[in-house]
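Hi,

Here is the structure I promised to pass on. Have a look at it first, and then read my notes below.

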Amino acid sequence: MRLRSGAGAQRRRAWALRPHLSGFGLLFWWGYLRALHVADEADAVRAAADRIIVVAFEPTDDPTPEPMTVDLAWVWPVLALALLVWRRRR
C-alpha cells in the first residue's frame, strides 16, 4: 500500500480515478472534496492535487509477512456466551 499525494505525475491520476468510482466510493469522493473545499471538476481537482491524498493498492513482487495466527479465536465463544446471557435477562 502506498500513500500518494498529487505531486508530479500523480496530478493527472487524481482526476483519472473519478470515472472508476460508484456508489459509496463516489459519495466518499464528493464528501472528501467538499471537506477540502474543492469542486468536483477536473481543473479544480488538478489544481488541488497537492492536498488530495489517494491510497493505492498496487501489485508487488516484494515478500509479504507471514499470515497471522488465530490469536483472537477465543473472542467468538465469549461473544456468543455474552449474547446468550443478555438475551436471557431480557
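**What I found**

Val75 sits in helix 4, which covers residues 75-89 (helices are DSSP runs of H or I with at least four residues, strands are runs of E with at least two, and both are numbered from the N terminus). Val75 is partly exposed, at a relative accessible area of 30%; for that label, buried is under 20%, exposed is over 50% and partly exposed lies in between, with a 1.4 Å probe and protein chains only.

Before going on: this is a predicted model, where local features need pLDDT of at least 70 and side-chain atom pairs count only at pLDDT 80 or more, while totals for chains, interfaces and linings use all residues. Residues are numbered from 1 along each chain as its sequence is written, and side-chain values use heavy atoms, with hydrogens and water left out.

Val75 also belongs to a nonpolar surface patch with Leu72, Trp74, Trp76, Val78 and Leu79, and together they have about 660 Å² of accessible area. Patches take residues with over 30% relative accessible area and no salt bridge, joining like charges within 9 Å and nonpolar side chains (Val, Leu, Ile, Met, Phe, Trp, Tyr) within 5 Å. A salt bridge here is a side-chain nitrogen of Lys or Arg within 4 Å of a carboxyl oxygen of Asp or Glu. Areas are Shrake-Rupley values with a 1.4 Å probe, and for residues only the protein chains shown count as cover.

As for the whole chain, there are four helices and two strands, in the order β-α-α-α-β-α. Of its 90 residues, 16% count as buried. The accessible surface is about 7900 Å², and 63% of that belongs to carbon and sulfur atoms.

An α-helix has 3.6 residues a turn, so residues three or four places apart point the same way.

His37 has a positive phi of about 60° although it is not a glycine, and it is exposed, with a relative accessible area of 74%.

Cheers
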